[in-house]
Amino acid sequence: MIPTDQAIAATPAAASDSAVVSRKFSGWPRLLQRYGLLLLLVAMAFMFAVLPESGAAFRSEANLRALVANQAVGLVVALALLFPMAAGFLDFSVGAVTATTSVAAAAAMAHFGLPPLVAICIALLGGVAVGGFIGLLVAKFEMNPFIATLGMATLLGGVILAYTDGLQITNGISPQVTALGSGTWFGLPRIVVVAAAIAFGVWFVMEHTPLGRYLFAVGSNSNAARLTGINVVKVKFISFALSGLVAGAAGALLLARQGSATSDSGMSMLFPALTAVLLSTIVVYLGRPSVLGTVIGVLFLAVSVSGLTLIGAPAWVGQFFNGAALLVAVGVSSVGNISRSRARAG
């Protein structure tokens, strides 16, 4: 049985909560709820732009260009989280997959003399392979997704350390790859253009294809989705495979941006990305992750940390701010879910 969009839309669990919320909130309170984080982002950017301690440096073209270029990889890592999260899972392996595929692409060029395009394809295929394996464990064998993804992240960290012996791969990286991370197109950093293209692709899949609707239906209520004819096992598997594909793209961009591959396990990239995705659930489309919300979340964290650094805040402030933002995002999202559940019950 092939599910129809009408059948999915008629499923109570898969129906959007926005209609319920709209009956409870309207006008300015509703707009403030949906766009509060965006308004806060604008306010913080304005504040850092006018403060004497940070104003000149923050407003400079070099700082703004570096700010968006440095966040391109983090944005793509965050985008990799969206597919499993839409299906109801948190994938803790995306940072490790990004780091591993970065090493794989670098090794393909430096150690095996392969062309840059082949190396990038290896990164993408490697990401799909890892994501697909996790999807098989979770969807087919019903392994706990937390254990599956965290275990894979730990395993990949060991693989990276074993292969690199704790050293960077710096020689043999093609200038074509490094130019992608440092060059510009039409005045914009190339890496930002590529990240924007990936974001558009993820947005299109999630918002304008049956697969996107199936993902949200499974994440809302897998049993109800199964009754409409959705192949839940297949959708769960695809969600992790797509996550791996996007994480592989992030690995290629990480190599391009750094110009080398490190022995880092990638876990340091996970939590800012996770924070941005969770922030996306409290902006624009309330209660569900979105590409636009993720972009806003990434920029909010980047602007805040950059501004705080420029005004002389100590180094630990960035980590503290990311942790606090993560807790706030989870807290607000939980309160919102409770409110929507009560609204449905009412």
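**Helices, a helix pair and a pocket**

This predicted model has a chain with 16 helices and two strands.

Me: Why are α10 and α13 called roughly antiparallel to each other?
Reply: Helix α10, residues 190-208, packs against α13 at an angle of about 175 degrees. Angles over 145 count as roughly antiparallel, so α10 and α13 get that name. Their axes lie 11 Å apart.

Me: And which residues make the contact between α10 and α13?
Reply: On α10 you'll find I191, V194, I198 and V202, and on α13 V246, A249, L253 and R257.

Me: What makes the residues of that contact nonpolar, polar or charged?
Reply: Val, Leu, Ile and Ala count as nonpolar, while Arg counts as charged. That's how the contact of α10 with α13 comes out as seven nonpolar, no polar and one charged.

Me: What does the second largest pocket look like in volume, and which residues lie nearest its centre?
Reply: Its volume is about 700 Å³. The lining takes in 28 residues, with N70, Q71, G74, M269 and P272 nearest the centre.

Me: How do you know which helix gives the most to that lining?
Reply: Helices α5, α6, α13, α14, α15 and α16 each supply at least two residues, but α5 gives the most, with nine.

Me: What classes of residue line the second largest pocket?
Reply: There are 15 nonpolar, eleven polar and two charged residues. Gly is counted among the polar ones.

Me: How much of the chain counts as buried?
Reply: Buried means under 20% relative accessible area, and 47% of the 346 residues count as that.

Notes:
Residues are numbered from 1 along each chain as its sequence is written. This is a predicted model: local features need pLDDT of at least 70, side-chain atom pairs count only at pLDDT 80 or more; totals for chains, interfaces and linings use all residues. Side-chain values use heavy atoms; hydrogens and water are left out. On a 1 Å grid over the protein atoms alone, a cavity is a set of points where a 1.4 Å probe fits but cannot get out, and a pocket is an open set with protein on both sides within 12 Å along at least five of seven lines; lining residues have an atom within 4 Å of a point. Grid points are joined across faces, edges and corners, and a volume is the space filled by probe spheres set on the points. Helices (H or I, at least four residues) and strands (E, at least two) are DSSP runs, numbered from the N terminus. Axes are lines fitted to C-alpha atoms, for helices over the stretch in contact, and angles run from 0 to 180 degrees between N-to-C directions. Angles under 35 degrees count as roughly parallel, over 145 as roughly antiparallel, 65 to 115 as roughly perpendicular and the rest as oblique. Contact means heavy atoms within 4.5 Å. Buried means under 20% relative accessible area, exposed over 50%, partly exposed in between (1.4 Å probe, protein chains only).
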